[in-house]
Amino acid sequence: MSEIPLVRLLSMALRTGLEELHQELELAGFPEIRPAHGYALNAVSRGEATASQLAVGLGMTKQGAARVVQHLLDTGYLEPGTDPVDARNRPLVLTRRGRAAVAASMRIQGDLERRWRKHVGAGDMRALLGSLETIVRAENEGELPPVRPGW
């Protein structure tokens, strides 16, 4: 049994995974994406379509979210969309490049998980994933909380 506390091990696993994810995203042609950008792109893909919604979902200030959004607009991952009900509202939408980055991220994460599964076996990986989900739901009133950058 490990003497390393659980939260520290989880932090190490997250760091290991994120570092590989971002190295692979760079190789795939998405060098501008950093963890906060990835969390924002995923949030937009789930329907959090304004900087204010992103700020709440990512646990950051509106100014911080606005900086993340501006970077993603400037680098071509997001664009302002149109709201069929209110023309003044300009929801954020993923561009083709943004959708490609999210798809690449999902592929890379799948590859990473398959590789890690080889280290512990399929049964242990299923048990680990199931146990972690059970714990997270139990600590969050049965829900899965939003994924946020861990700063």
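In α4, the residues G64, A65, V68, V69 and L72 are buried. Seen down the axis of this helix, the buried residues fall within an arc of 135 degrees, so they line one face of α4. On the other side of α4, by contrast, K62, Q63, R67 and D74 are exposed. The model described here is a predicted one.

The length of α4 can be checked against expectation: at 1.5 Å a residue its 13 residues should span 18 Å, and because its end C-alpha atoms are 18 Å apart, the two values agree. Just after α4 comes G76, which takes a positive phi of about 85 degrees.

Just after α1, G29 takes a positive phi of about 100 degrees.

On the side of α5, S105 is a residue of that helix, and because its relative accessibility is 9%, below the 20% limit, S105 counts as buried.

| Residue | Position | Phi |
|---|---|---|
| G76 | just after α4 | positive, about 85 degrees |
| G29 | just after α1 | positive, about 100 degrees |

### The aromatic pair

How many aromatic pairs does the structure hold? There is one, formed by F30 and Y77, whose ring centres are 6.3 Å apart and whose planes make an angle of 55 degrees, an arrangement that counts as tilted. The pair links distant parts of the chain, since F30 is in the loop between α1 (6–27) and α2 (35–45), whereas Y77 is in the loop between α4 (62–74) and β1 (78–80), 47 residues apart. Are F30 and Y77 buried or exposed? Both residues are buried.

### The largest pocket

The largest pocket holds about 2200 Å³ of space. It is lined by 47 residues, and those closest to its centre are L14, Q109, L129, L132 and V147. Four helices, α1, α2, α5 (96–120) and α6, each supply at least two residues of this lining. Which helix gives the largest share of the lining? That share, 12 residues, comes from α1.

### A residue of α6

Helix α6 covers residues 122–138 and includes E133. Along the chain E133 and E143 are 10 residues apart, and their C-alpha atoms are separated by 9.6 Å.

Terms used:
Residues are numbered from 1 along each chain as its sequence is written. This is a predicted model: local features need pLDDT of at least 70, side-chain atom pairs count only at pLDDT 80 or more; totals for chains, interfaces and linings use all residues. Side-chain values use heavy atoms; hydrogens and water are left out. Rings of Phe, Tyr and Trp (its six-membered ring) pair if their centres lie within 6.5 Å; planes under 30 degrees apart count as stacked, over 60 as edge-to-face and the rest as tilted. Buried means under 20% relative accessible area, exposed over 50%, partly exposed in between (1.4 Å probe, protein chains only). The expected span of a helix is 1.5 Å times one less than its number of residues. The arc is that of the directions from the helix axis to the C-beta atoms. On a 1 Å grid over the protein atoms alone, a cavity is a set of points where a 1.4 Å probe fits but cannot get out, and a pocket is an open set with protein on both sides within 12 Å along at least five of seven lines; lining residues have an atom within 4 Å of a point. Grid points are joined across faces, edges and corners, and a volume is the space filled by probe spheres set on the points.
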